[in-house]
Amino acid sequence: MTHPVPQSATGDATLAARSQRAVWHPCTRLRPDASANEPPLAIASGDGPWLVDTDGRRYFDAISSWWVNLFGHANPAINAALTRQLQTLEHVMLAGCTHAPAVELAERLSALTGGALGHAFYASDGASAVEIALKMSFHYWRNTGLSAKREFVCLRHGYHGETVGALAVTDVEIFRDAYDPLTRRAHVVMSPDARQAVGAETPADVAARALAALEALLRERAGQIAALIVEPLVQGAAGMAMYDPSYLDGARALCDRYRVHLIADEIAVGCGRTGTFFAWEQARGGDPVPAHGWPDFLCLSKGITGGYLPLSLVLSRPEVQRAFVADDIARSFLHSHSYTGNPLACRAALATLDLFAQDDVLARNRERAQWLAAAMAGIAADPRVTNVRQRGLIWAADIDPAAAGPDFAARFHLAARAHGVLVRPIGHTLYVMPPYVFDAALAAWLGDQLRATLHAVIGAAQEVRHAA
Ligand SMILES: *Cc1c(COP(=O)(O)O)cnc(C)c1O
């Protein structure tokens with residue numbers, strides 16, 4: 001029954017070629033001319049912020065392996081915690097059973113919201129957490145006698161995952177358009193993306209405009225609307241669109257006034273990425289958020305396990321669960337996934353939270369954010385680079401489309417690999433989102449490599465000025 005595995009001197013090419021035959025890679029175009037398909041980078045091991053390919057070449061993981069890795073690959077503390085958990089309990093169902101890692105993780109995450117949110121509902125992927133929040137919101141209103149509230153609102157260019165329900169609240173054409181006939185499209189309202197500023201408008205002015213647009217919709221349709229879903233502070237898949245925190249508090253107030261739930265999708269921005277553990281903590285410009293100022297639902301995934309294992313969860317306000325307390329089973333939230341609350345995944349998450357506590361990560365990340373800004377200053381100064389922006393450990397800038405040329409993202413990705421960096425620009429947006437394990441020297445090295453890559457891809461700045 002076993003097929004001989006083709007062997008060759010270049011294990012790299014072999015593994016990549018076998019992968020192209022055996023694995024359907026995500027988010028990847030399959031061209032009819034197979035030679036036009038770039039073989040995947042075959043990774044043999046990981047070591048801190050580095051990935052090592054099957055030929056021993058090292059790449060700095062500048063996008064944290066799709067935004068999931070926080071404390072480096074093969075982190076000794078997380079490895080040790082997982083090894084201990086493996087020897088104790090690998091998995092048990094969470095309906096009718098429970099286990100210490102699921103309980104402890106739920107308790108600790110609730111404590112991080114000051115008790116404002118709790119009752120962690122576990123799933124495995126970000127998209128399933130979004131589905132859960134949408135279903136819970138709708139079901140809450142039904143249980144409270146408001147079953148007409150069954151529509152959702154999302155932001156322009158918002159991204160919340162790619163299952164059919166999550167796509168309905170996703171406004172990224174490339175992911176959504178093919179499946180439009182399958183979805184119940186949400187209302188799409190203006191994003192507070194600060195790049196839309198006109199004239200002397202500040203980011204806060206843009207946020208105020210976006211809030212006015214939201215209010216116009218809610219005034220008209222709140223009776224049919226269950227929830228608004230937002231990515232707090234940074235719309236990741238839109239190309240790291242960043243906005244003023246005042247939008248969050250304003251949206252919270254509008255949702256209260258019009259009796260609409262607010263779902264904070266912190267799948268990408270949670271776990272310290274934007275400078276606070278939850279991005280939502282910045283909703284009041286740094287002042288502590290009172291219990292009533294938190295969202296009704298908060299989704300986490302990606303970084304919560306340090307990038308080790310698929311885990312997602314939804315935290316909610318206490319009154320949400322109260323609406324599901326009933327003898328009638330139709331009022332219960334009968335949603336489950338086989339691996340809900342997997343003990344290994346929860347253990348990795350607990351080890352991740354331990355690292356935050358032990359190493360004062362949020363304080364040290366403020367310093368790292370400065371190193372990152374300094375390292376990227378050279379690129380920021382390039383005349384073809386605009387909208388330079390940063391929130392915590394997310395740095396992004398847009399490359400002038402005329403200078404970037406066609407297929408900029410793919411060309412930049414490949415050229416950066418030759419410089420020992422793994423990055424994947426989104427359209428014309430170059431961004432980095434590194435794991436929280438670099439020092440000033442490594443940041444400077446990254447900046448140098450990316451600058452050299454940019455020059456390799458679009459030429460040195462001066463040449464363009466001469467040509468213009
Ligand atoms: C990645 C992401 C998701 C989807 O998570 P998956 O684990 O990929 O399903 C949802 N929302 C946001 C904001 C994300 O960045």
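1. Which residues are around the ligand? In this predicted model, the residues around the ligand are Trp 67, Asp 125, Gly 126, Ala 127, Tyr 159, His 160, Gly 161, Glu 231, Asp 265, Ile 267, Ala 268 and Lys 302. By class, this shell holds 5 nonpolar, 3 polar and 4 charged residues.

2. A backbone N or O atom of Gly 126 is 2.7 Å from a ligand oxygen atom, and a polar backbone atom of Ala 127 lies 2.8 Å from an oxygen atom of the ligand. Asp 265 takes part through its side chain, where a polar atom is 2.6 Å from a nitrogen atom of the ligand. The ligand taken alone exposes 380 Å², and the protein buries 83% of that area.

3. Rolling a probe the size of a water molecule over the atoms shows where empty space is left. A search of the whole structure turns up 1 cavity of 30 Å³ or more, and the largest cavity holds about 30 Å³ of space. Its lining consists of Trp 67, Leu 70, Glu 266, Ile 267, Ala 268, Gly 270, Cys 271, Ser 301, Gly 303 and Ile 304. These divide into 6 nonpolar, 3 polar and 1 charged.

4. At least two lining residues come from each of β4 (118–123), β12 (312–316) and α10 (318–322). Strand β4 gives the largest share, with 4 residues. The lining of this pocket contains 11 nonpolar and 8 polar residues, and no charged ones.

5. His 119 sits in strand β4, and its phi is positive, about 50 degrees, although the residue is not a glycine. With a relative accessible area of 42%, His 119 is partly exposed. Cys 27 is found in the loop between α1 (11–22) and β1 (43–47). Cys 27 also has a positive phi, near 50 degrees, and is a residue other than glycine.

6. Is Thr 88 buried or exposed? Thr 88 counts as exposed because its relative accessibility is 63%. This residue belongs to the loop between α3 (76–86) and α4 (100–112). Its side chain reaches the backbone oxygen of Arg 84 at 2.8 Å. Thr 88 and Leu 344 are 256 residues apart in sequence, while their C-alpha atoms are 9.8 Å apart in space.

7. Asn 143 is part of helix α5 (residues 126–143). Asn 143 has a relative accessible area of 10% and is therefore buried. The side chain of Asn 143 reaches the backbone oxygen of Ala 323 at 3.0 Å.

Notes
Residues are numbered from 1 along each chain as its sequence is written. This is a predicted model: local features need pLDDT of at least 70, side-chain atom pairs count only at pLDDT 80 or more; totals for chains, interfaces and linings use all residues. Side-chain values use heavy atoms; hydrogens and water are left out. A residue is near a molecule or strand if one of its heavy atoms lies within 4 Å of it. A polar contact is a pair of N or O atoms within 3.5 Å; within protein, one must be able to donate a hydrogen and the other to accept it, and residues adjacent in sequence count only if both atoms are side-chain atoms. Accessible areas come from the Shrake-Rupley method with a 1.4 Å probe; for residues, only the protein chains shown count as cover. Ala, Val, Leu, Ile, Met, Phe, Trp, Tyr, Cys and Pro count as nonpolar, Asp, Glu, Lys and Arg as charged, and the others, Gly among them, as polar. On a 1 Å grid over the protein atoms alone, a cavity is a set of points where a 1.4 Å probe fits but cannot get out, and a pocket is an open set with protein on both sides within 12 Å along at least five of seven lines; lining residues have an atom within 4 Å of a point. Grid points are joined across faces, edges and corners, and a volume is the space filled by probe spheres set on the points. Buried means under 20% relative accessible area, exposed over 50%, partly exposed in between (1.4 Å probe, protein chains only).
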